[in-house]
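Hi,

Here is the structure I promised to pass on. Have a look at it first, and my notes on what turned up follow below.

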Amino acid sequence: MPGNPMGYHMSHLSCSVLLPKNKRRGDAMEEKRPRTADAGEASGSDGGGLVNRLPEALLVEVLSLLEVDDACSAAASCRALHAAAAAAISAITTVDLSEFAPSNAILSRILVGNGSVRSLTVNCSRLDDSAAAAIAKHSLRELSLLKCSFSKSFFVAIGEKCPNLRSIKLEMAISPDDLNSRYDGFGCTFLAPIFAGCSHLETLWIKFPLLDPRTGESLLTFIPSTIKELLLQPVSQSWARALFPTTISLTTQFTESLESISLVLDTITDEIVVWITKNIRNLVELCLEDEPVSQAYLNDDLTNVGIQALSLCNNLRHLSLTRRYSDFRRVNDFGILTLSEGCKQLRTIRLGGFSKVSDAGYAALLHSGKDLKKFEVSNGFCLSDLACLDLDKAAPNVQEVRLLSCALLTSDTAISLASCTNLKILDLSGCKSIADSGLISISQLSMLTLLDLAGADITDAGLSALGNGKCPISSLCLRGCRRITSNGIASLLCGTGTINKTLVSLDIGNVPKISGRAVIVIAKNCEQISSLSLRNCLFITDSSLEMLGSMGRDTGKCSLRMLDVAYCSRLSRNFLRHFEPPLFRGLRWLGVGKNVVERRGCRPSIAELLEKKPGLTICANACEMGCRNKFHPDIRVHQ
């Protein structure tokens, strides 16, 4: 992935309650210090307080119910909570540190003394090889390392100290220029110690750009026979041929136990699919994705032949075949009908880029079995409302439907889906003909928690129906719905329904008529919101930001963790002053426009703000929330 020479991604994290006293930042402690009049009485002073009188076991029990970062925040209040938080964290079995990037010192303080942790997820962008001392624990069963760039010694430590490891997931953040020099022969020299030391390993995810086909051959030699789930991303065509040769049978190797395989390829071909179906006898899950730079040739593409081979996998439960930026022009209804006849137990179907498949093919899949729970089609150019008729009868247990950028779909599809009473996730993003009538029907789904209507033709009337409906929606995306206004947001959050109590993630970016009034309504009526995107809302002003930053000030806690205000052109030159303490307490990620980083003479500057808010990440790379859609090699610019 291309590097970013300008260093527009800045991250700075500190957790003062976990660092030694001589390393704590004064500003961070000032932000943590209670502001109420009776704060001194409740603190750990010699006078004693209510908290000190509570049994330590009770405090540990309460703090053990919190997330790690919340427990750390509580620890800053007084000595009693500090001791209780340390005890609670040391007994946690599942630790997820994916939303912020801890330093070596912070990670060590969190994990020190914890001999019970079984599942650990870490954002490793600020860690080096010495972090192995904190991460490598005998009790570990599942380890996920995000945005990591460790050397061989780190993986040697993991292999030696984590013999009970069942799952390891590696995700790299490194520039392509450094890849060959630092990670040549990755599979052989780096993963071999893990494969040798972790004899019970069942899940292996490698999201590394392994570009050398010879690496694939080495990796193939070392993959243990215990592996049941394998993910490789990305994989070049030549690398895939080296890893999966078609001339010999590998059923005596790791394929004997393999049940799930996920690959991101240059091009999905019949050759790869046929090899998988012939050699992986117990295949339960298959996920293939590609991004060809140009239209594939006939001999190097997926056709009906490959789809027919899949129909022989009678135990297949989960199938995902997607092509981005292009389409599968050599697969039509005939291949899909054959698939539906052979695979009767599919629970998950995900198809993307099948431009020649019509309603007949999609309907055959939907009616092929009663076990279907997840159905997704993206860029289904021939998919229309007819395919979803009587879906509640064909797939009575369906819980997730995603129909992305299917231009022929209208509100009739939304009305049909309203009869699926078990539906929890509905994504109709890019379906521009979905209008208010469809939204009115959707509003009666009593189990719906995620709704994405990006680019839909809905108005304020539709939002009013949703605001008065039954949906307990926690995540709502209205990005690019150009006909809605601030009045619609008011109707949504001030209605008699449940959404104003359950909504925690809202995206109203690229909506031209959204103004500061909508932000004020959100601040007043939706205090539990944790993620808010206002990207490219041209009428957002400083005063509305100040109101948003004051949320939870009376209670001492603000739930907002991620905010995107990139390209809000009405914000003043010095709008970052509204993010200084005590406003936006707890904010972890802030998206700003690239021009904000390039400005000179702003007060405060980004560096000054990061100094005052050690737990804040500021990104100007046009990332989605939390930078989860991009890796930045310059993430360590601010330490």
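Before the strands, a word on terms: two strands pair if DSSP finds at least two bridges between them. Helices (H or I, at least four residues) and strands (E, at least two) are DSSP runs, numbered from the N terminus.

Please keep in mind that this is a predicted model, where local features need pLDDT of at least 70 and side-chain atom pairs count only at pLDDT 80 or more, while totals for chains, interfaces and linings use all residues. Residues are numbered from 1 along each chain as its sequence is written, and side-chain values use heavy atoms, with hydrogens and water left out.

The overall picture: the protein has 28 helices and 21 strands. Of its 639 residues, 55% count as buried (buried means under 20% relative accessible area, exposed over 50%, partly exposed in between, with a 1.4 Å probe and protein chains only). As for contacts (heavy atoms within 4.5 Å), take those between residues at least 6 apart in sequence: 77% of them join residues at least 24 apart.

Now the strands. β7 (residues 229–235) pairs in the parallel sense with β6 (residues 203–207) over 4 bridges, and with β8 (residues 260–265), also parallel, over 5 bridges. On the β8 side, serine 262 stands opposite leucine 231. β7 is also where proline 234 sits, and the peptide bond joining glutamine 233 to proline 234 is cis, with omega about -15 degrees.

Next, the region around α9 (residues 152–161). Its buried residues are Phe154, Phe155, Ala157, Ile158 and Gly159, and they pack against α8 (132–135), β4, β5 (167–172) and α12 (192–197). β4 covers residues 142–148, with glutamate 142 in it. Glutamate 142 counts as partly exposed because its relative accessibility is 42%. Setting aside neighbours within four places in sequence, glutamate 142 is in contact with Arg118, Ser119, Leu120, Leu165 and Ser167. Its C-alpha is 9.5 Å from that of leucine 201, which is 59 residues away along the chain.

On to the aromatics. A pair of aromatic rings is described by the distance of the centres and the angle of the planes. Here, rings of Phe, Tyr and Trp (its six-membered ring) pair if their centres lie within 6.5 Å; planes under 30 degrees apart count as stacked, over 60 as edge-to-face and the rest as tilted. The whole structure holds 5 aromatic pairs. One of them, phenylalanine 150 with phenylalanine 154, is stacked, at 3.8 Å centre to centre and 10 degrees between the planes. Phenylalanine 150 and phenylalanine 154 are both buried. Phenylalanine 575 and phenylalanine 579 make an edge-to-face pair, because their ring centres are 6.2 Å apart and their planes are at 80 degrees. Phenylalanine 575 and phenylalanine 579 are buried too. Phe150, Phe154 and Phe155 form one aromatic cluster.

What about holes inside? On a 1 Å grid over the protein atoms alone, a cavity is a set of points where a 1.4 Å probe fits but cannot get out, and lining residues have an atom within 4 Å of a point. Grid points are joined across faces, edges and corners, and a volume is the space filled by probe spheres set on the points. That gives 1 cavity of 30 Å³ or more, and the largest cavity has a volume of about 40 Å³. Its lining is Gly549, Ser550, Met551, Gly552, Arg553, Cys558, Pro582, Leu583, Phe584 and Arg585. Proline 582 also has a cis peptide bond, from proline 581, with omega near 10 degrees, and lies in the loop between β19 (562–564) and β20 (589–591).

That loop also contains tyrosine 567, which has a positive phi of about 65 degrees although it is not a glycine. Tyrosine 567 is partly exposed, at 39% relative accessibility. Tyrosine 325 likewise has a positive phi of about 65 degrees, in the loop between β10 (318–323) and α17 (333–342). Tyrosine 325 counts as exposed because its relative accessible area is 66%.

Cheers

Note on methods: 1 Å grid on protein atoms, 1.4 Å probe; cavity = no way out; pocket = protein on both sides within 12 Å on 5 of 7 lines; lining within 4 Å.
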